[in-house]
Every structure is written in structure tokens, then in C-alpha cells.
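Reader: I am new to protein models. Could you take me through this one, a piece at a time?

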Amino acid sequence: NELASDQQHRGLSRRPGDIPARRGSGPHTARNRRGAARCSPLHLAPTGGRSVATIVFLVHGVGDDKQGWARAADGPVPCLQQLAAKHGLDPLEPDAIQFVEVLYNDIFDAVLKQWDDLSAQIVQNAPALQNTVTKVSQAIQDATHNPNTFLRYGGDVMLYAWFPTTIGRLVRLKVMSTVTDKIADIARTGNTADHTFAFIAHPLGTAVLHDALQSLATSHWVTEADIQDGGALSQLDADYKQRLHTAIQLGGDNPYRPGSAAFRPFSWILQLANTTRVIRAIRGLPEADDSLVGPQTAQHPLALFYNFINVHHVDDPICLVKPYEIPERWRDAAIDIPVEHVFDPNVHAFNHYLSNPRVYHQVFARCGLTTPQSDAQIEALYDSEQEGGGRFKLKQFVEAKLKPGAEDKLKSLRQQAQAAAHEQGEAVAERMVAIQKGWQNWVEEFRGGA
């Protein structure tokens, strides 16, 4: 009944393919068609009302993001608000959507401030990591000991992937607590049935979110015995123990574990420039065949989501490093969306992905704000975004802007990314950081010569 209600209020069926996009098995399915007749953006028609608010968790990627990043002038919330206004929709917040910023970069900031002491402790506890620690220290030095530069050039990939049980664990716990605290707050003040929950994540954030939700779904859930006198968590302060008690009363058995009595699937997840395979390759892990962070299917009903959408830009070099592939068991239900629009040279940017009609339509339609459109109608929206911008390929964009050497540098970055296909472990991390740094420099040089 809950699933039927979730579908009905959106005007969507159980299968996400009803929203025009490509179901796909891999990262390079057929490219988007062009040449659709010019039409009004009003084809993205409002539904005329809704009764359920969508909580959308926004998870950042690589960089030096700080508190408030999601609502900053160049953040995803203003971007989506502007797109909604452009199409005649009412303001998204607070009635239709409630955006929740997920920040984990503060963990990396804290680590870097104490790196000298922490690195010594890491080596003391795990001598085998000496070489890894040395590489991170060298990268910090190369960034002139500027944490923002280190993180912007992909240093956070090193910290998260190379130290999964220490730094990585803290990051996952931060994401998990942000999600569960928000849901618990709603449960304390109302009814979670009045809300649906969704996620939008960008590069490193896609892997962090995957790992955090997987841990959330499979971890041991705290019991009353744990927080009573003599229990494992009895020394916690009273306020935190009360919060745990509330969570226990709400869930009993882990309410985020598919199959438990209290479990209710999240609505959808939108993964932009997915790096899940990259992080696993750095750690030397196999494909995540046991992942619960995917769509429910008849053959695999134990999953966290009703819908799973993966998006990659065909000219984004970050996406070429271990391109994400939708697992075989999800392929009848998950969507893979290749995009190729160029509105700005930084096609890897969070907002550049969101500005694509094929992407933001997924957000608006799945939040019940618009009606699903035909593939041709979605195609026609490209013409309304910027004059000709939606039809650019990156190569044509580079040529049109007449940047000497820019195309050769871009070709080199792609070749470096594709060379990672057969690499594993630290080699993948080093290549990912090199490409991230090379891409940032390419964008800055491109803009600087304008």
C-alpha cells in the first residue's frame, strides 16, 4: 500500500523508466538525441499540487566545502530554485522540498590540522601504511600546506580511500548521523509517512553516500541493554542516551535494514559522476555485488530505494576513471543517463550536471512537482536553456573558444583516465588525484584566457 501511494502521488509507476531516460547497463549507453523541434519550456508542466514533502539530502564531492555550501550563491539549492522559477513552479522550499545539506569536509579539515600527530599514530598502529602516509604528506607539501588546495585537487580522495577504518569511518558516521538525525527529528515532531526521502550526491560524495548507507543498513542497531547501567554505551551523556532511546523506540530492530519490520525504503537516489567503483578499486575491493544501495526489484527486493538514477557526462574525465556500471541485478529498474551538454567548460561541476533538463526533470518529477514528459519533450528543453549551449559537445566548445592547446590537454586527461582501466590500489588513487588536479588547472586556464 505504501509503495502504491508513493507511485500514485507522483504519477509514476514502480519502474523508473517511465520518466524518459535510458535504462542502461554501462557508462556509455547511446548518447542523447538532438534535433527535436523547438518548443516552450512550459512542457515541463506543474502537477497542480501535492501532499507529501520530499526531504532531499545533498552530498558534496571533492573540494573545500564549508558549512552552508549547498545554499551558497553557487550551490545546488539556488541552482534548482532558479530552474524551478524558470519553469513556472512555486518556490521549492519549504512545502515541496526540504533540502538537507550533508557536510563531511569538516572531518578532512580537522584531520589536516592534526596531520603530523595523526600520521605518526597511524604508522605506529599500522606500520604497513608508512608509504601511504608518506605520499599524503608529500601531497600536502606539494599543495604548499594549504588544506583548501590539497582538498580541491583530490586530496580528500586519498584520505577517504586510503584510511577506511579511521578517517573513512569518521566520514561515514558524519553522513549517517546527518541522515538519521533529520529523520528522527521528523519522527519526534510528526509522521515520517508525510515525507519521502531522497538523495543527490556528486563525485566523491557518491561513494561516501553509498558506503554510509550500506553501513547504516547492515550495522548492529543499539538496544536498550546497551544504554542501561553496565551496558556498552552506559557512559554516554544523558542527552545522547535519550536520543538513542528515542531511536530504539522508533525502530526496535535496525529500521534501516531492508527486511526489518520498521523498514521503509527511501524514494530515490541520484548519483552524479559516480565514483563508487573508483574508491573500491583504490581499496582493492571487488565490485559491490552485495550492495543494498540500489532499487528494489522482484528478484532482489531487499534494497534501500524504490528508484536509482546514475548520471555521467560523456566528456567528464572524472567519469572515465573506472566508469560506474549499473549491476546486472538492477538493470531492469535502474536508470543510466548519459549527458553531453556544455554550458560552461567545467562539465564536472555539481551545478553543471543539475542544469541539464534530463537531470533536473528527474528531480522535479520525482518530487511530484511536474508530470513525466516524453523523450522528445525533454530533448526540446535543451533549446530553452542557453542559446545553443545545450547542443555543444566539449570538443566543439573548445574549438569555438579558440584556446590554443586546450584540446590537446583535454585529450591527454582522457587518455590518463582510460589508462586506469586495469589499475588497482594506490595507482588508481594517484591517477585520480592527478586527473582531478589536471582538470581543475585546465578549467582555470581555459577561463583565464577568455
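Reader: In E4, which residue is the bridge partner of Ala201?

Author: First, the ground rules: this is a predicted model, where local features need pLDDT of at least 70, side-chain atom pairs count only at pLDDT 80 or more, and totals for chains, interfaces and linings use all residues. Residues are numbered from 1 along each chain as its sequence is written, and side-chain values use heavy atoms, with hydrogens and water left out. E3 and E4 run parallel and are joined by four bridges; two strands pair if DSSP finds at least two bridges between them. In E4, the partner of Ala201 is Gln271.

Reader: How many helices and strands does the chain have?

Author: Both kinds are DSSP runs, numbered from the N terminus: helices are H or I with at least four residues, strands are E with at least two. The chain has 19 helices and six strands.

Reader: What is the order of the strands in the open sheet?

Author: Six strands form this sheet, with parallel pairing. Strands E2 (97–102) and E6 (335–339) stand at the edges with a single partner strand each, so one side of each has no neighbour in the sheet. From one strand to the next, the twist averages 20°; axes are lines fitted to C-alpha atoms, for helices over the stretch in contact, and angles run from 0 to 180 degrees between N-to-C directions. The order is E2-E1-E3-E4-E5-E6.

Reader: Which residue in E2 is the bridge partner of Val56?

Author: Strand E1 (residues 53–59) runs parallel to E2, and six bridges join them. Helix H8 (residues 167–189) lies across E1, E2, E3 and E4, at about 150° to E2. In E2, Val56 has as its bridge partner Phe99.

Reader: How many residues of E4 are buried?

Author: Buried means under 20% relative accessible area, exposed over 50%, and partly exposed in between, with a 1.4 Å probe and protein chains only. E4 is joined to the parallel strand E5 (residues 305–313) by six bridges, and Leu272 stands opposite Val311 in E5. E4 is mostly covered, and its buried count is seven of seven.

Reader: How far does H19 reach from its first C-alpha to its last?

Author: The expected span of a helix is 1.5 Å times one less than its number of residues. H19 (residues 426–448) has 23 residues, and its reach is close to the expected 33 Å. Its buried residues include Trp439, Trp442 and Phe446. From first C-alpha to last, H19 reaches 33 Å.

Reader: Is Val111 buried or exposed?

Author: Val111 is found in helix H3 (residues 105–113). It touches Leu118, Leu159 and Ile167, not counting residues up to four places away in sequence; a contact means heavy atoms within 4.5 Å. Val111 and Ile167 are 56 residues apart in sequence, yet 7.8 Å apart in space, C-alpha to C-alpha. Because its relative accessibility is 6%, Val111 counts as buried.
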